[in-house]
Amino acid sequence: MNLGKLYNSLASLSPYMEIALRQIYWSNVDRLKSINPNKAKHQPKAKDKADFNHVVEWLKGCGVKEGDLLIVHSSYEGLEGTGLSPEDIIEQLLELVGPTGTLCMPVIRHFKEEKKAKKEGTPLTDIVCKYDVKRTLVSSGMLPFTLMRRPEAVTSHFPLNPLCAIGPLAEEMMAHNLDGDNPSPHGPNSSWKFCVDHGAKICAIGTSLEHHNTCIHVAEEAYGDWRWSDDEWYDLRTFEVVDENKNSEIVTVKNRKLKWGTRHIAEINLNNAEKKAGIVKSSVIDGVTVGFAEAQRVISFLRAKNKNGYPYFVFPWQ
């Protein structure tokens, strides 16, 4: 049994076993980085001549249809065996939801100021990062980058976990993302909450949905009844946001403290519970990893456990 499988087997024993393993890992990250718990699940490589039409048919079988709001998480590396370019794949996804549907993808950014701050030991809360909506490097893959470059695409001005979308709901989805006092990436005015409210369907192609279903954070941030207080849960980050017309403004936003996503989330146990409940589906089509979930079912499942802070766990002494 390789280390990744051993990690998954042990972590699946209980949420507290999983967070114990995570805390051991993050306390010794330089020595244990080869078994990163966020990358423990091996992704198969797409077969040569993999047929993307089979992936589309699988999504249709899950209920994706014309007129839907579809969030796509992706890895183009996992799709190269289809022989299609990123543009080809996006065209097929747009055809899947049709002219009355909306296609969106996370266009997560890489901020050069963060790299410099980490090297110098400066807290991220003490720096200002520049978020140029059109130009800041996209770190979430070739498909989102390609989608964002299309002239009809609309991109969120929120600097953390922004979405980009094409379709009838795109403008409205992004219109109020920065509204409110120190908004958060998945809060009540976020594009992610908008997607939940509008019955979004979520899929992963070429990658595992279990590690990339960003929508789960709406349950933590959007309803005002989270177990932990804002001071316990969030740091404040400052950004200079430069819009499509080169206008800029300084914004201060909330962001989940790093420790929660590294040391306290029982991700594997959450994934197992969602699959057992039939909320998340996954498969491998011609070597292409795929996944599917409905946003409202995911959030309803999580909110039923909100009073306990699920899927985050802390030991009594913490």
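**Close-ups of a predicted model**

**View 1. The buried side of α14.** In α14, the buried residues (under 20% relative accessible area, with a 1.4 Å probe and protein chains only; exposed is over 50%, partly exposed in between) are Ala-295, Val-298, Ile-299, Phe-301 and Leu-302. They sit on the same side of α14 because they cover an arc of only 160° around the axis, taking the directions from the helix axis to the C-beta atoms. Their cover includes α9 (191-197), β6 (201-205), α10 (218-221), α13 and β10 (288-294). Helices (H or I, at least four residues) and strands (E, at least two) are DSSP runs numbered from the N terminus. This is a predicted model, where local features need pLDDT of at least 70 and side-chain atom pairs count only at pLDDT 80 or more, while totals for chains, interfaces and linings use all residues. Residues are numbered from 1 along each chain as its sequence is written, and side-chain values use heavy atoms, with hydrogens and water left out.

**View 2. α13 against α14.** The two helices pack at about 115°, with axes 12 Å apart; the axes are lines fitted to C-alpha atoms over the stretch in contact, and angles run from 0 to 180 degrees between N-to-C directions. On the α13 side, Leu-270, Ala-273 and Glu-274 meet Val-298, Phe-301 and Leu-302 of α14, contact being heavy atoms within 4.5 Å. By class, that makes five nonpolar residues, no polar ones and one charged; here Ala, Val, Leu and Phe are among the nonpolar types, and Glu is one of the charged ones.

**View 3. Around α13.** Helix α13 spans residues 267-276, and its buried residues are Glu-267, Ile-268, Asn-269, Leu-270, Asn-271 and Glu-274. Among the elements covering them are α1 (3-11), α2 (15-27), β9 (280-285) and α14 (295-303). Just past the helix, Gly-278 takes a positive phi of about 75°.

**View 4. His-73 in strand β1.** His-73 belongs to β1, residues 69-74, and counts as buried because its relative accessibility is 4%. A polar atom of its side chain lies 3.1 Å from the backbone oxygen of His-212. Beyond neighbours within four places in sequence, His-73 touches residues including Pro-106, Trp-192, Cys-203 and Asn-213.

View 5. Asn-161, in the loop between β4 (154-155) and β5 (163-166), has a positive phi of about 50° though not a glycine. Asp-286, in the loop between β9 and β10, is no glycine either, yet has a positive phi of about 55°. After α14 comes the segment holding Pro-311, and the Tyr-310 to Pro-311 peptide bond is cis, with omega near 5°.

Technical notes
Polar contact = N/O pair within 3.5 Å; in protein donor to acceptor, adjacent residues only side chain to side chain.
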